[in-house]
Amino acid sequence: MKKNILIVDDDPRNIFALKLTLKARGYQMQSCTAAKEAIELLQNDHQIDVVLMDMMMPEMDGYEAIRIIRNTPEISKIPVISVTAQAMPEDRQKCLDAGAQDYIAKPIDVDLLINAIQKLS
């Protein structure tokens, strides 16, 4: 069975492109355009298997959102893959330090993303 993925990104074009790509590979998806909304959804929907978290969003960035997820017992074990346009080596480490399991730079290499999702099985 394919995973149920939550895409969190403030740019609807990124959500659209990811949904199209992942749906073609059989994944189920939900999406949010704000980190706060994503945290609420995770607390209420226990069917999410993986979160794809954009790191640069207004109001609450992905780093803070991941820290909140990791510090909330009922959702702390949900795997998070950071998705960011920040592509410096220290940015990867910053994402992992915040609690992400993996890191994918934009523009997204679909094969790398699918591999990262499959590794979390």
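1. A strand here is a DSSP run of E with at least two residues, and strands are numbered from the N terminus. In this predicted model, strand S3 covers residues 50-54, and Asp54 is found in it.

2. Asp54 carries an annotation: an unreviewed UniProt entry places the feature "modified residue: 4-aspartylphosphate" at this position.

3. Is Asp54 buried or exposed? The relative accessible area of Asp54 is 4%. Buried means under 20%, so Asp54 counts as buried.

4. Which residues does Asp54 touch, leaving aside those up to four places away in sequence? They are Val8, Asp9, Asp10, Gly62, Val83, Thr84 and Lys106. One of these, Val8, belongs to strand S1, which spans residues 4-8.

5. Strand S1 is largely enclosed by the rest of the structure, because five of its five residues are buried. The burial applies to both faces of S1: Asn4, Leu6 and Val8 lie on one side, Ile5 and Ile7 on the other.

6. S1 pairs with S3 through four bridges, and the two strands run parallel. In this pairing Val8 stands opposite Met53 of S3. Asp54, the annotated residue, is also part of S3.

7. S1 is also joined to strand S2, made of residues 28-32, by five bridges, again in parallel.

8. How do S1 and S2 relate to helix H1, and what is the handedness of the unit? Helix H1, residues 12-23, makes a right-handed β-α-β unit together with S1 and S2.

Key: Residues numbered from 1 in each chain as written. Predicted model: local features only at pLDDT ≥ 70, side-chain atom pairs only at ≥ 80, totals over all residues. Heavy atoms only, no water. UniProt positions renumbered as here; feature names shortened; annotations may be inferred. Buried < 20%, exposed > 50% of the residue type's maximum accessible area, 1.4 Å probe, protein only. Contact = heavy atoms within 4.5 Å. Pairing = 2+ DSSP bridges. Right-handed = clockwise from strand over helix to strand, strands pointing away.
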